[in-house]
Amino acid sequence: MVKIDQIELPDFPLLLAPMEDVSDPPFRAVCKDNGADLMYTEFISSEGLIRDAIKSRHKLDIFDYERPIGIQIFGGDEEAMALSARIVETVNPDLLDINFGCPVKKVVTKGAGAGVLKDIDLMVRLTEAVVKSTSLPVTVKTRLGWDDNSRNIEEVAERLQDVGIKALAIHGRTRAQMYKGEADWTLIAKVKNNPRIRIPVFGNGDIDSPQKALAYKERYGVDGIMIGRAAIGYPWIFREIKHYINTGETLPPPTLEERVEVCRKHLRKSLEWKGPVVGINEMRRHYANYLKGLPNIKEYRNRLVTLKTMEEVEAVLDEVQQNYEGFVIERTPIEIINYHEKCPV
Ligand SMILES: Cc1cc2nc3c(=O)[nH]c(=O)nc-3n(C[C@H](O)[C@H](O)[C@H](O)COP(=O)(O)O)c2cc1C
């Protein structure tokens with residue numbers, strides 16, 4: 001068992017990474033169904049929370065079936081971070097996570113996210129301010145360092161543990177790397193194997209198959225892994241990794257029926273949480289992922305992205321289900337997208 005403060009997680013837990021515009025309640029619901037052991041919200045601006053910005057407040061929505069769930073905040077100002085931690089506490093998540101890893105320019109230039117990696121003293125002060133202002137367990141997610149000349153995660157881990165964080169998730173890249181190159185897990189392993197470090201250490205970066213998950217578990221000895229991009233359009237990654245680690249066998253890929261079923265649930269949850277207009281619009285980017293691998297699916301996808309009501313979408317999904325009944329989609333490698341080329345995050 002792995003414990004984050006009082007939160008009990010199974011051995012070698014699989015965490016769903018926080019992802020802006022992706023890890024919202026509808027997406028989290030389908031990841032939970034498929035075995036994610038701990039999930040996080042998208043990152044939430046501490047300044048936005050204090051200003052009572054609607055977008056930031058909306059991201060605080062969490063549901064009991066999602067537990068254990070962490071709310072992630074970011075910011076570069078101690079007072080704002082402490083105040084927003086108190087706001088987070090009112091919605092009673094299981095833990096509060098601080099983002100010190102986001103490489104996006106608009107975040108970094110304000111001294112928040114990975115910008116803090118340049119200034120460890122500030123990082124420690126921000127963390128301490130949050131720990132002191134809340135009774136929630138506080139965790140941190142960060143990168144190896146700012147750039148190749150400042151891969152300071154070993155010092156960071158010790159100092160953050162000293163001010164009271166209860167777990168650390170490390171993405172094996174520097175801020176300067178953005179998403180380029182391969183994630184380097186050797187430094188993550190060093191943090192994990194430092195005898196001074198008593199808190200759980202979770203590795204993150206580029207896990208896209210059960211085989212890789214098991215190999216990294218054995219090679220780097222981390223307490224669990226966090227998965228981001230590989231879960232987008234493929235929430236089955238969690239159950240596949242679990243099954244492989246427990247039995248050494250590879251699960252067959254999801255059937256067509258399962259794919260359509262999960263797509264329907266995602267859609268339903270999207271409408272429940274976002275309302276009929278935004279819910280339908282924001283679901284459009286997910287169809288291609290769920291239906292990938294079906295021959296001539298383009299025609300259906302093109303129709304799906306123009307429809308305006310749930311009933312119309314459901315009818316097309318019925319058609320897909322009937323027309324492709326029994327079709328087996330071959331296992332294809334999960335495509336890990338470089339999101340910085342495709343979207344602002
Ligand atoms: C679309 C997108 C949005 C992201 N948003 C966040 C975020 O809000 N907070 C955060 O800590 N990391 C964020 N990340 C980084 C991921 O949590 C994760 O560290 C990174 O994608 C590497 O893991 P992976 O290789 O499994 O995807 C985001 C990544 C992507 C692709």
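**Exercise 1. Find out whether Cys31 is buried or exposed, and how many disulfides the structure holds.**

Step 1. Cys31 has a relative accessible area of 0%, so Cys31 is buried. Here buried means under 20% relative accessible area, exposed over 50%, and partly exposed in between, with a 1.4 Å probe and protein chains only.

A word on the model before going on: it is predicted, so local features need pLDDT of at least 70 and side-chain atom pairs count only at pLDDT 80 or more, while totals for chains, interfaces and linings use all residues. Residues are numbered from 1 along each chain as its sequence is written, and side-chain values use heavy atoms, leaving out hydrogens and water.

Step 2. Look for a partner for Cys31: the closest cysteine sulfur belongs to Cys263 and is 14 Å away, too far for a bond. A disulfide is a pair of cysteine sulfur atoms within 2.5 Å.

Step 3. Cys263 is buried too, at 0% relative accessibility. The structure holds 0 disulfides.

**Exercise 2. Work out which residues come nearest to the ligand and how much of its accessible area the protein covers.**

Step 1. There are 18 residues around the ligand, and Gln72, Asn99, Asn204, Asp206 and Arg229 come nearest. A residue is near a molecule or strand if one of its heavy atoms lies within 4 Å of it.

Step 2. Now check the backbone. An oxygen atom of the ligand lies 2.8 Å from a backbone N or O atom of Pro18. A polar backbone atom of Glu20 is 2.8 Å from a nitrogen atom of the ligand, and one of Asp206 is 2.7 Å from a ligand oxygen atom.

Step 3. On its own, the ligand has 610 Å² of accessible area, and the protein covers 98% of that. These areas come from the Shrake-Rupley method with a 1.4 Å probe; for residues, only the protein chains shown count as cover.

**Exercise 3. Find where Asp24 lies and which residues Asp24 touches.**

Step 1. Asp24 lies in the loop between strand 3 (14–16) and helix 1 (25–33). Helices (H or I, at least four residues) and strands (E, at least two) are DSSP runs, numbered from the N terminus.

Step 2. With a relative accessible area of 7%, Asp24 is buried.

Step 3. Leaving aside residues up to four places away in sequence, Asp24 touches Glu42, Trp273 and Lys274. Contact means heavy atoms within 4.5 Å.

Step 4. The side chains of Asp24 and Lys274 are joined by a polar contact of 2.7 Å. A polar contact is a pair of N or O atoms within 3.5 Å; within protein, one must be able to donate a hydrogen and the other to accept it, and residues adjacent in sequence count only if both atoms are side-chain atoms.
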